[in-house]
Amino acid sequence: MNSGMEIIASPELVECVNRGSPERFKMVNRYKNDVFALGATIMELGLLKPLNKLITEDKHFDTNQLTSYFKQFQNEYKSNKLLVSMVKSMINVNPIERPTFIGKALTNLTKRSHFLSPDPQSNYCAFGSRA
């Protein structure tokens, strides 16, 4: 890219652009693409560096590079398992397994994890472990 910035796009959108078929764009779930982009942006902010080289010279998405960045992010934030799990679900390269909306991702994570537990005395969730 000439500006020195890379566009954050989901793997399925990158492949769709490569094929150049307008009909294929209709098949890309724009919400899942946005969730992927938000997850990648969270990783950029957390690592304090841009996620360069996610798109190869031949214009394909580099899942190995994404994995490398995620491992760095995971190592940096290993004490915050909820954040790491949320970002992992957001940047899933399989759009079927990626959440459509981040609220849904958080709901699913809190149901199966011990990081947030409902506070029976209030209408909000308190951080802590379940008994």
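1. In what follows, Ala, Val, Leu, Ile, Met, Phe, Trp, Tyr, Cys and Pro count as nonpolar, Asp, Glu, Lys and Arg as charged, and the others, Gly among them, as polar. The model is a predicted one, in which local features need pLDDT of at least 70 and side-chain atom pairs count only at pLDDT 80 or more, while totals for chains, interfaces and linings use all residues. Residues are numbered from 1 along each chain as its sequence is written, and side-chain values use heavy atoms, with hydrogens and water left out.

2. Overall make-up. The protein has six helices and two strands, in the order α-α-α-α-α-α-β-β from the N terminus. Helices (H or I, at least four residues) and strands (E, at least two) are DSSP runs, numbered from the N terminus.

3. Burial and surface. Of the 131 residues, 34% count as buried; buried means under 20% relative accessible area, exposed over 50%, and partly exposed in between (1.4 Å probe, protein chains only). The accessible surface comes to about 8900 Å², and 56% of this belongs to carbon and sulfur atoms. Areas come from the Shrake-Rupley method with a 1.4 Å probe; for residues, only the protein chains shown count as cover.

4. Contacts along the chain. Among contacts (heavy atoms within 4.5 Å) with a separation of 6 or more, 52% are between residues 24 or more positions apart.

5. The largest nonpolar core. A nonpolar core is a set of buried Ala, Val, Leu, Ile, Met, Phe, Trp, Tyr and Cys residues joined through side-chain atoms within 4.5 Å. The largest has 22 residues, and those with the most contacts inside it are Met-43, Leu-51, Leu-66, Phe-70, Phe-73, Val-87 and Ile-91. Two or more residues come from each of α3 (30-47), α4 (63-76) and α5 (81-90), with α3 giving the most, six residues. Beyond its neighbours within four places in sequence, Met-43 is in contact with Leu-51, Leu-66, Tyr-69, Phe-70, Phe-73, Val-87 and Ile-91.

6. Helix α5. This helix is mostly covered, with seven of its ten residues buried: Leu-82, Leu-83, Val-84, Met-86, Val-87, Ser-89 and Met-90.

7. Helix α1. Its buried residues are Pro-11, Glu-12, Val-14 and Cys-16, and they pack against α2 (22-25) and α3. After α1 comes Gly-20, with a positive phi near 65°.

8. The second largest pocket. Its volume is about 170 Å³. The lining consists of Glu-12, Glu-15, Cys-16, Arg-19, Arg-24, Met-27, Val-28, Asn-29 and Pro-95, that is, four nonpolar, one polar and four charged residues. Helix α1 (residues 11-19) gives the most to this lining, with four residues. On a 1 Å grid over the protein atoms alone, a pocket is an open set of points with protein on both sides within 12 Å along at least five of seven lines, and lining residues have an atom within 4 Å of a point. Grid points are joined across faces, edges and corners, and a volume is the space filled by probe spheres set on the points.

9. The loop between α3 and α4. Leu-48 lies in this loop and has a positive phi of about 55° although it is not a glycine; its relative accessible area is 78%, so Leu-48 is exposed. Lys-53 is in the loop between α3 and α4, also a residue other than glycine with a positive phi, near 65°. At a relative accessible area of 59%, Lys-53 is exposed. Leu-54, placed in the loop between α3 and α4, counts as buried because its relative accessibility is 5%.

Conventions:
1 Å grid on protein atoms, 1.4 Å probe; cavity = no way out; pocket = protein on both sides within 12 Å on 5 of 7 lines; lining within 4 Å.
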